[in-house]
Structures are given as structure tokens and as C-alpha cells.
Amino acid sequence: MKAPMAPAGWQTRPRADEAPSWPALATHAVRAFGGGADSFDLRRAFADQGDRAAKFSFEAPQLWADLSKNLIDDTAQRLLTQLAEECGLAAHRDALFAGAPINVSEDRAVSHVEWRNPALALEQSAQPAIQSIAQWRATMLMLADAVRADAAVTDVVNIGIGGSDLGPRMVVQALHAAGATSGPRVHFVANMDGHELAALLPRLQPAHTLFLVASKSFGTAETMRNALSARDWFLANGGQDVARHFVALSANAAAARDFGIEHCLTFDEGVGGRYSLWSPVGLSIAIAAGRQGFEELLAGAHAMDQHFVQTPLARNLPVQLALLDLWYRNHLHFASRCVVPYVHGLRALPAYLQQLEMESNGKRVDLQGRALRVASAASTWGQVGSNGQHAFFQALHQGSDVVPVEFVLTAQAAHDLPEHHRKLLANALAQARALMMGQEGDAPERHFPGNRPSTVLLLPDQSPRSIGALLALYEHRTFALGSLWGLNSFDQWGVELGKRHAGEIEAALADGNPEALDASTAALVGRLRGA
Ligand code: F6P
């Protein structure tokens, strides 16, 4: 895929709430979806529109998406697509792919899509940064091959948090469940809570363990603490040669060296933490799935990149999902979105999406620093199906709030228990149908209002290619939604303040001097010190 030229004007696009179609959307939402007797009803919409299922379904690489059971009609979809055009979404997208500095608060380009561009390995790009990506990727895959071929390595431990944990952890889990992994056991440690690391260490042998310390900044408190404790444990238990047993995955090789790790697989600053599983941060995936598996993952994501770049907005899946998200958040005022993967291997998907969506778009000022006038990121939550049916589905069916639900399914299972998969799929489709259909009750508590929205994302299987396409879909949907709101989806200043307070409170916990703290925190510190 040739990177398009960054189009002029990507910096000066109108925000969605300032675009010409916005007032028409607002009026349409109130008139047609406002809750009156004639208000939009899914059951009536299907009865009136014979081609609704086909019309609101979309095809993208490895994915079939049925959006037809959503609270949306032809007019809303037309106005929303028009809105995306008015907001210059295509120009912003092309600027991303052309390497323009769209992460304006950090004055840098966004490069995660380059990490999955297969052309890079062959093409001698004029840009040194791009040449480096091809070389770094080759080094990473060589190391993955070497680790897999070394029978002495029985366990690999990825120490990282946030984007340096969630994506790799979820993908390894998914591929493991699909029988697509081999080689050493791969573990993940993220939490500052020492119970996570303490539970793992007794199961390891220093001579047979490789630690991957994954941290873009190489300064994140949790990761540094866990890495130090892992190294202490390694040395205290007879481990020899820290240099061979600890590898850093970081954009800050100097900090890794200062920490005492000589071998660092590096990447460029343009890779955001929550977009980093395609880079050396994904080494644990490459070790678990092998070179071919990792390349398949990249190929699936790259195919989705092409779909995002080349497909007209009206049939562009990430764009249409982002527009639906905007419609729900700003015009129908839904505060949250529920994601239910009916795929055991994707049980960590809701946690991964919480970071991707809420760290990217949980913001209140636009690229120019102006306050937003409309709500930004909805809360993302959920858990694996069918387990969720026995937890929160009661509220989805009969609770006071309408929560759009996203069902993620695979047509094929990777096990040979056919009865399970058929029942699993039936349950997922049944929930989506029940949410829509509702039911008249013979008593109030047995009444189901129905007309509750849902989306089905259908993958053929849980192969690396399918997982890659799904995750790239979510990345682009998140970017597209942030772009419509006028946000920078690639910074995360909101996480900094808490980190600073943690330093002050840790000092107070250590020295018992809480003077600088507020009365509530000081009292809690006092109580904890007395415990
Ligand atoms: O605190 C938030 C955050 O910066 C995330 O954006 C990031 O994924 C995570 O911490 C870990 O950061 P790093 O990879 O630099 O350790």
C-alpha cells in the first residue's frame, strides 16, 4: 500500500458539532428517535424495510459486521456519512498514513500502521525512520526464532502494563486458545500488586527463564518495580548472566541501559503505547505464535488498514462504527457501550478496549485546546459470553438505561466439541434477538421493552489473521471517532497527575509525614501505617 500524501488542510477540519450536518442530525434524533409513539422501533423497521439486514451489514477483511439491529435509519446513516465528509475525516486519515505529525501535543507522527506494512521489508524507503522499522522488525523476528529454537528457554515473562501488556496478553491468550501457539510458556505480569509476580516466580527456574521488560518510556512505576523484583529474584536464586535473561522492549534504549539491561529491541516514539503490539512490544506474541503467526497477525491488520484507506466512507467499516458511536453518544445520549466476545480466547478484549477507547478519546479539549461542547468517549465495559449472560444481561434487557451491545463471534471453533460451538453461537444470536424483540409480559416484571440495540462482529475463526484484522478495526474506529470530535487520540496527559500524587503518598507512607496531604488522604495514610 502506497502511503498517500498528507493532504493540505488536515489541521483545519471542523469538529463534528461545528459541521453543517450536525443540526440536522440533532433534529432528526429528537423527531425520529425521541421516544414518542412514532419513534423508531427496530421491530417495525425490519417489517417496513425488507433489505434492512443487508443494507446495514458491512464486509471488511476477515469480518462481517451486522449493524442492522441498531437504532439507526437511512436518514441518520446518510447524515452521519455526510458529517464524516464535512469533518475531513478522509484527509485526517490520509495524514496519519502519510506520516504527518498528527499527534500535535507531542509534535510527532503516528507510526503503528507502518509496523504492519509488509512492503517495508522490501522497499528502500527514502525515509530513514521507515528503513529503521523494517530493520527493527527483522531483528525482533530473529530473536523470536532464536528463543523458540532454544530448548533451554522454558518460560518467557512479559513485564509491562497498559499498552505494554494488554494487547500482547490478549493476543497470546487468543492464539493459545486457538491452538496456534507453541514453544516456551509465555506469562504476563503487569500489576504493582506484588501478588501477581509473587505467584509466578516459584513456578520459574532462573536458568530457563527469559524476562521481557516492555515499556515504551522505560519509566513506568509498575514495570520498573516488577523488573527490579524479578532481577533480584533471578540473582538470589542462582541466576547467571542477567544480560542473556533480560531483554528490554522500549523506545528509550538509554533508560533500559541505565537500568542495567544491555539488550534492547527498540522502536520509534511514533508508536503509541496502546497501539504498540505490532512493534517489538509484541515480541511475546512472536515467541508464542512463531514468525509465521506474527506475520499473519500483521497481514490481517494491514488488510484492515487498506480497507480503511481505500473504501468509500459509506461502506467503510471503521468509519461506520465510529459514526454509530458518535450517534449514540451525542444524539441518543447513551453513556456506555458493552462488548461481549463469545470467544473464550478473547476474554481480555473488554479490558484491552477500555484502554484503547477511553485513553484515546476520554478527553475534554480539542486539538486547538478548545473545550468540547459535546460528550466524548462512552464507558466501555463487558466480559466474555456466555458468562456475561449470568451477570449483567439482566440489566441489558430490563434495566433503566439503554446500553448498545457488541457481540464478537467466530464462525469456526478451534476445538472439536461441535455441540459447544453451536450452542455458544445460538446463545449470542439469541441475546441480540431478545434485546431487539422484547416481550409483552403477563406481569410487569416479566415485560421486556425490546428495541434495544446491538451489533454483531463475525470473524471466520480466531486465527492470527482474523485477530489482527479485528484489532486494527478497533484502532481505526477509535481514531475515526476521535477525529470527528476534533481530539488527539494519541496522547494521554490525563494519566500523569495520579502518578505524581502516588510519589508524594508513597513518601508519606514511608516516613509517616503526611503534612502535605489533604485531611482524608492523611487519615488513610495514618491508618495504613498503624495496620
Ligand atoms: O499510564 C498510561 C500509560 O502511559 C499508557 O499509555 C501506556 O500504555 C502505559 O502507561 C505503559 O507505558 P510504558 O509502555 O511507557 O511503560
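Biologist: How far is the K499 side chain from an oxygen atom of the ligand?
Modeller: An N or O atom of that K499 side chain sits 3.3 Å from a ligand oxygen (polar contacts are N or O pairs within 3.5 Å). This is a predicted model: local features need pLDDT of at least 70, side-chain atom pairs need 80 or more, and totals for chains, interfaces and linings use all residues. Numbering starts from 1 along each chain as its sequence is written, and side-chain values use heavy atoms, without hydrogens or water.

Biologist: Which atom of E359 faces a ligand oxygen, and how far off?
Modeller: A polar side-chain atom, 2.7 Å away. With K216 a backbone N or O atom lies 2.8 Å from a ligand oxygen.

Biologist: How much of the ligand does the protein bury?
Modeller: 87% of the 390 Å² that the ligand exposes alone (Shrake-Rupley, 1.4 Å probe).

Biologist: New topic. At what angle do α7 and α17 pack?
Modeller: About 145 degrees, with axes 10 Å apart (axes are fitted to C-alpha atoms over the stretch in contact, angles run from 0 to 180 degrees between N-to-C directions).

Biologist: Who touches whom?
Modeller: M170, V171, A174 and L175 of α7 meet P464, I467 and L471 of α17 (heavy atoms within 4.5 Å).

Biologist: Where is the cis peptide bond?
Modeller: Between G385 and S386, with omega about 5 degrees. S386 is in the loop between β9 and α15.

Definitions and conventions: Helix = DSSP H or I, 4+ residues; strand = E, 2+ residues; numbered from the N terminus. Polar contact = N/O pair within 3.5 Å; in protein donor to acceptor, adjacent residues only side chain to side chain.
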